[in-house]
Amino acid sequence: MTTPPALLIAGHGTRDDAGAEAFRDFVRQLGARHPGLPVAGGFIELSPPPLGEAVTELVEQGVRRFAAVPLMLVSAGHAKGDIPAALAREKERHPGISYTYGRPLGPHPALLNVLERRLDEALGSAGRTPGDRSDVTVLLVGRGSTDPDANAEVHKAARLLWEGRGYAGVETAFVSLAAPDVPSGLDRCVRLGARRIVVLPYFLFTGILPDRVRHQTEGWAAAHPEVEVLSADVIGPEPELLDLVWERYEEAVKGDLRMNCDSCVYRIALPGFEDKVGMPQQPHFHPDDDDHHHGHHHHGAHSHAH
């Protein structure tokens with residue numbers, strides 16, 4: 001029996017000590033959940049330990065193969081460039097090691113469920129019944145990036161959070177590098193008719209940026225007393241997050257890197273679309289298809305396997 005590859009967790013890094021400690025503690029929790037499997041974690045920048053140190057730690061335990069999972073919600077510069085570059089450097093530094101690279105975490109239904117819980121908690125603390133959402137507008141606030149694709153991923157998460165959950169709307173803003181910023185995002189919500197807004201940080205752990213989201217929200221709310229504005233908490237080290245990192249690890253190990261199957265209504269029961277799971281997929285025939293059978297006599301259903 002070949003030993004399974006070790007697990008390497010790659011984080012952004014933060015100047016916030018509590019945020020960095022939350023990451024390190026999460027890595028420890030993962031290790032405790034999977035005794036016998038070497039688990040290490042490191043950061044790309046700003047906080048210790050650096051990713052290279054985590055790789056060295058694994059190599060010193062005799063690890064030759066590992067799977068790296070980026071502990072990030074969206075695929076931006078870090079996940080696309082910095083981590084692969086760092087891993088390539090480690091491969092030169094430690095001849096004989098090999099690794100596979102997993103994909104970022106979001107927007108996975110398990111995390112959307114945690115976000116929904118955070119919204120319910122915020123509404124509950126304001127004395128609202130969580131089920132009553134028809135007048136609640138959510139402002140999902142992402143990190144923000146110079147990479148348009150990364151920003152689009154936050155919009156995708158917002159849309160998936162809105163689908164089937166009964167909120168009046170889910171709008172998007174960013175805390176840095178991309179528009180709209182938090183105050184502009186709140187202004188937009190009001191222009192759309194919002195009277196009750198919950199600002200939801202799209203972040204895994206506490207840190208300087210989520211704190212900034214809260215402060216900017218409070219500043220805007222003080223200037224707009226006619227609007228009810230609540231702040232929700234970050235995702236945090238929930239069991240769903242531990243499970244999801246493990247799922248990403250197993251995908252990377254098996255080489256089963258899927259497209260957008262996480263949020264596919266034919267694979268996953270999404271709120272309001274439960275009846276679509278497992279539906280056989282029929283080929284779609286365009287009226288202009290050059291098809292001699294006229295396209296209507298094919299009975300071979302295709303399973304939805306991207």
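Buried means under 20% relative accessible area, exposed over 50%, and partly exposed in between (1.4 Å probe, protein chains only). Keep that scale at hand for the exercises below. This is a predicted model, where local features need pLDDT of at least 70, side-chain atom pairs count only at pLDDT 80 or more, and totals for chains, interfaces and linings use all residues. Residues are numbered from 1 along each chain as its sequence is written, and side-chain values use heavy atoms, with hydrogens and water left out.

**Exercise 1. Is Leu177 buried or exposed?**

Start with the place: Leu177 sits in the loop between E6 and H6. (Helices, H or I with at least four residues, and strands, E with at least two, are DSSP runs numbered from the N terminus.) Next, take its relative accessible area, 65%. Leu177 is therefore exposed. One more detail is that its phi is near 65 degrees, a positive value in a residue other than glycine.

**Exercise 2. Find what Arg188 touches.**

First locate Arg188 in helix H6 (residues 182-191). At 35% relative accessibility, Arg188 counts as partly exposed. Now look for contacts, meaning heavy atoms within 4.5 Å. Not counting residues up to four places away in sequence, Arg188 touches Glu171 and Pro180.

**Exercise 3. Describe how H4 and H8 are arranged.**

Two packed helices are described by the angle between their axes and the distance between the axes. Here the axes of H4 (residues 109-125) and H8 (residues 239-254) come within 9 Å and cross at roughly 165 degrees. (Axes are lines fitted to C-alpha atoms, for helices over the stretch in contact, and angles run from 0 to 180 degrees between N-to-C directions.) H4 is therefore roughly antiparallel to H8, a label for angles over 145 degrees. Finally, list the residues that meet: Ala110, Leu111, Val114 and Arg117 in H4, and Glu240, Leu241 and Leu244 in H8. They divide into 5 nonpolar, no polar and 2 charged. (Ala, Val, Leu, Ile, Met, Phe, Trp, Tyr, Cys and Pro count as nonpolar, Asp, Glu, Lys and Arg as charged, and the others, Gly among them, as polar.)

Technical notes: Angles under 35 degrees count as roughly parallel, over 145 as roughly antiparallel, 65 to 115 as roughly perpendicular and the rest as oblique.
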